[in-house]
Structures are given as structure tokens and as C-alpha cells.
Amino acid sequence: MVVCTLSHLFQNTLRKNSHYILRINTFNYSNYIFNNFTGFLRNGQLSLIRYFASNTLHISKESPETSNFISNLNLDTGVDSFNHSSGQDSTREDANGFHHLLDCSHKRLKLSKKTLKNIKSIERLYKQPQDDYNIELNTTIDFEVPLAQQPKFAPSEGYEHVKRLVQKIYKSASDGVYNDALWSKYSKKICITASLLHPSDVCLVLYSFSKIRYKDKDLLKILFPFLIKYVSYNSCRGLSLIMNSLKRLEASNYDLIDLVVNEFCLNVDKANVQDIALVANSLSFFQVYHIKFWRSLYNSLMIRHHQIDPLQASLVLASVAKLDIRDPLLLKLLKRKLRPPIEKNELPSHLLSLVYHSLAKLDFEAKYFYGACANSFDYMVSNEKVDSQALVLFLYTSACILEPQLNVVEKSLKLLSSQADHLKSYKMIKLKYVLDHLSHKHQGFVEGLNEELKIFLKTIRDYRIKKLNKRLSRWAREVSIILKEAGVEHKRSVLFDYLYADIYIKEHNFIIKCTGPYSYYTKSSFLTKFAKIEQDTLIMKGFNVGIIPYYEWNRLKTNQDKVEYLKRFGENAALTLNDKLY
């Protein structure tokens, strides 16, 4: 129950003899006003009470006493129904002053920050919808400043034509019309009439083009300024659609992304779980770690956890996994929401493999959950309801991160061999990891496969990866320069089949990996699972591996400090090599 004491607001407006304290309680405020403020009506304060009631309270007329009271005050007429006589000028000025003070009441003066935070958290859970203006007598009265209203556009003769054009575009997108000539025509028309578009029209046009995945750079250049202009007029659903559209079109306008996400964070209390999941998925696609959003995501999901469905939980889990955000409480919540549909085999194969991979990537301990995922995947593989991408992701997670169920691995390899013609470079790299780890950890299993699968594994082993477009990092170049000055022969940016080495010292068969921020979990000094897998695979192939973390190298200010650091690094590496020899 929210109880608002407004006695200090009446002191500047009521007469000295009107020393009453108005204490509004959501259960009995109507009777209290009716019984205790009759004196105000008799003393000429009718205008003030009418102004107060018509501009601040929306009272339900269910109570008979309240209905009579409202009808006597003529609340339905509002402020414009005042008798503007000369004798009531002072009363109206007092009422305006009181209304000005009342507008400031939402600041909740003289309350601590902790109390304000608790009040806001309660209001976020129980406040009434904005479009419901009838406040029942047994509910909370919420004094909050409304959000900015939709902009008012002057009537235009050409807008009806633009509106019909937007409707046609949306219908074509909904019907799945993939015709380049048609969408090129739509794009040119929108470029001409863009100045007449309303905020909802801009959002709808962008969403329609993204649904068809028709990317027109000229159109995007024209729409981006309007998206920025109208960003504050979009609802949370509109903002989430804008983010999802940018992801689909791969339009990495980070200024627009930052504005949209900031606006979404301001109104996150009005967003549903689907909107939050779409924004999270889009941010992870662009590799944007927006601190305010990820904090609000955690808080929002903790409050709305009963509203999360499996699809939304899968999207959020994949998003935090892509940005390497490890939050045990959030992961535990998402795991609890996903386990029932997994055990019932209701989660589609592509989502199942994504969940399985994402949770394992974050190094989350959930043995029985992983077992349920493997059993569900086994059921889908037996019915051949799995595509190649889901198969590759499941095999990589099982063989390289977790302990695999070998019978499921064999079924997956058999099904994948029938789709070998559709395997591209990225999938083949993952399968090379799978083959090396299975050969090293489960050699007997690999040797016991039938001839058909052995031929398929040989195809994977013999596949040649195209040259990887990897640039040497800044501190890797500095390390190379210092080694060269010290007379150490080495090579830079060396590729061993599908494995990459920043610096390779052939004399000692030693690889130096200069690990950057993306090789570590967010806000931690622990290597990600991917970084560990790459390091372990190099060691399995017989290389000696040393790691130079970015955060240690950044602490070194002078060139002499860097030389000393590399000397200690070399001494430790030499001790490790000697231990292996003896």
C-alpha cells in the first residue's frame, strides 16, 4: 500500500483555518474526503477541490458516496468548467500553485535513496497499465510523470499514399515475396517519400526489409536519421524490432545501436521477456557489452522468470554465452526453465544443440542437464530430425568440452556423413577438432568404426582450410620485435592446418599465444573454453605452448619492463621443457 501524505502541499494554498491533513489511502480515501472536507466546500474552496480531483485523481464511481461527491464537484467537466469570475481569480491562482507543487510530488522528497529504490521496485511489479484510467478503490494510486507522447504531424495530402505503400511493403514481407525487382522498386519509393513517414512507419519498413533480408545501403542511409530522430517515440516492442532488424541486415551502426539500447533501458519495466530476448540476441551478434542493459536484463528476468518460455530462455542463454558473461544465478534460472521441455523432447534440434553448446561453453557444472540434452538429441537423431549445423555443434561440444556418449556420437557421425556435401569451411574446422580429440581420448572408439565412417573421417582429416584472415595483435608485434632484437629466430602468424600460432620458435617447437580480452570470460582472468580447447589441441599435437595475457602485458610501461618480463617468461618455459624431457 502506498500512502501519500500531502499536508505540506496544502500549507501554501489553503487558508490558515484549513489545517486539515489529507492522507490518501487506497481503501478509504473517498469516504475520508467526503466526510472531512465539507468545510472546504462551504468556505469557498470548491474550485480548489474540483481542480485537485479532476487533475490528479481518476476515481472509480462504484461507491455511492463517492459518486454523489463527484457529481457535486462536476469532475467530468475538468478545469475548463470553472466559472471565471473576478471573485475566483485568487482561488484559481492558488489551485495553479497547488498543481505545480503536486507535479513535483513524484520526486518523493525527504526519502532516502534506498527507500526510493524499494518503492520503485514495488511499483514496477504492481502498477496499473497506462491505458487503464479507472483506478479501483482497493488499488494503488500511482503519481508518475507519463512518457513523451507520440509526435503530432500536420495533415499531409501525400501521407495516405505513403501509408498504403507501407502496408503493401509489410504484406509482401509477411507473404514471403522474394522478388529483387519488387523490393528495389519499394526501396526507391521509400527513399523519395521518407520525409512523410511516421515513427511506426519507419520501424515497419525496416522490419519488412529485414524479414526478406533485402539489404539496400542507400535505403539504410536514408532511414537511419529518421530512426535516430524518432527513437524516443518507439515502444519497447518497436525498439526490439529495430534491433532485430539491424541484426538481420547486418547493419552495424553502433551510434544508432547505443541510442536504441539506452532508450530501451529507460523503459525496460514496460518491456516483456520477448523484447528483452530480442535485444540481447542482437547485442550479442554485434559483440556489444552494454553494461546498463545486461544489468537490467538480469534484474528483469529475476522478476519475470515465471513468464519465460523455452525459446526466450534459449535466446538469452545463447546471448550471454556469445559474450562470455558468466552469471551463476542467471544460468541456473535458465537451466531450470529449459530442462522440462528438453526431457519431454519438445525443444527443436537447433535450439537443443545451441543450449547444450552455450551452457558448456560457459563452463557451467550441470551433469544431469547435459545428460538430458544428450538423451533428447539421441531421440532426434534416431528420427533423423537434425540438420548439419546442429550435428556439428553437438559433436564439438560432446567431444571437446564434455564427456561424450559414444553411441550418440556414432549415430551423429553416421547421419552427418550423409550430408557431407553441405559441409563448409567453418563446420570442417569444428569437425577437425572433434576428430583430433576423439583420436586422442577415445582411440579404440575411432578404430572400431565401420569403413563408411572411417572414409568420412579421412575426408575431414584431408580437408584443406583456406588461409585464415587473422591479424597479429599489438602486443604480439611488440613481443616479436623484442625477440628479434634478442637474436631469437621465430616466425609470426603461423598456421598448422586449422590451428593458429601468433609466434612459433621452431628450434624448441615452442608456440607463444598472445591472448586478448576475447580469450577470457567477461570481467575475469579465466580463459574461455574455446581458448583452452585450442591450447589443449596444440599440446595434443606435440607443441609446447606458452601464454602471454593481455592484462599482464598492459601493466608493463617501459621497454625495459617488457624485456625483463620476456626473460622471466623464457626461464619458466625452459623449466617446463626440462621437466618434460626428464
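Visitor: Is Arg-339 buried, partly exposed or exposed?
Guide: This is a predicted model, and in it Arg-339 has a relative accessible area of 31%.

Visitor: What does the side chain of Arg-339 meet in a salt bridge?
Guide: The side chain of Glu-343, with an N to O distance of 2.7 Å. Glu-343 is partly exposed too, at 49% relative accessibility.

Visitor: How far apart are Glu-343 and Arg-339 in helix H17?
Guide: They are four residues apart in H17 (residues 328-343), so about one helical turn separates them.

Visitor: How many salt bridges turn up in the whole structure?
Guide: A search of the whole structure gives twelve.

Visitor: OK, next one. Which residue does Lys-541 form a salt bridge with?
Guide: Asp-436, and the closest N and O atoms are 3.3 Å apart. This pair links distant parts of the chain, 105 residues apart: Lys-541 sits in the loop between H26 and S6, and Asp-436 in helix H22 (residues 425-441). Lys-541 is partly exposed, with a relative accessible area of 40%.

Visitor: And Glu-478, what is the partner there?
Guide: Glu-478 forms a salt bridge with Lys-562, where the closest N and O atoms are 3.0 Å apart. Here again distant parts of the chain are linked, with Glu-478 in helix H25 (residues 474-485) and Lys-562 in helix H28 (residues 559-581), 84 residues apart.

Visitor: Is Lys-562 buried or exposed?
Guide: Lys-562 counts as buried, because its relative accessibility of 14% is under 20%. Glu-478, at 21%, counts as partly exposed.

Visitor: Switching to strands. Which way do S5 and S6 run, and how many bridges join them?
Guide: They run parallel, and six bridges join S5 (residues 510-515) to S6. In that pairing, Thr-515 stands opposite Pro-549 in S6.

Visitor: What unit do S5, H26 and S6 make?
Guide: A right-handed β-α-β unit, with H26 covering residues 529-540.

Visitor: Why is S6 largely enclosed by the rest of the structure?
Guide: S6 spans residues 544-549, and five of its six residues are buried, so the strand is largely enclosed.

Notes. Residues numbered from 1 in each chain as written. Predicted model: local features only at pLDDT ≥ 70, side-chain atom pairs only at ≥ 80, totals over all residues. Heavy atoms only, no water. Buried < 20%, exposed > 50% of the residue type's maximum accessible area, 1.4 Å probe, protein only. Helix = DSSP H or I, 4+ residues; strand = E, 2+ residues; numbered from the N terminus. Pairing = 2+ DSSP bridges. Right-handed = clockwise from strand over helix to strand, strands pointing away. Salt bridge = Lys/Arg side-chain N within 4 Å of Asp/Glu carboxyl O.
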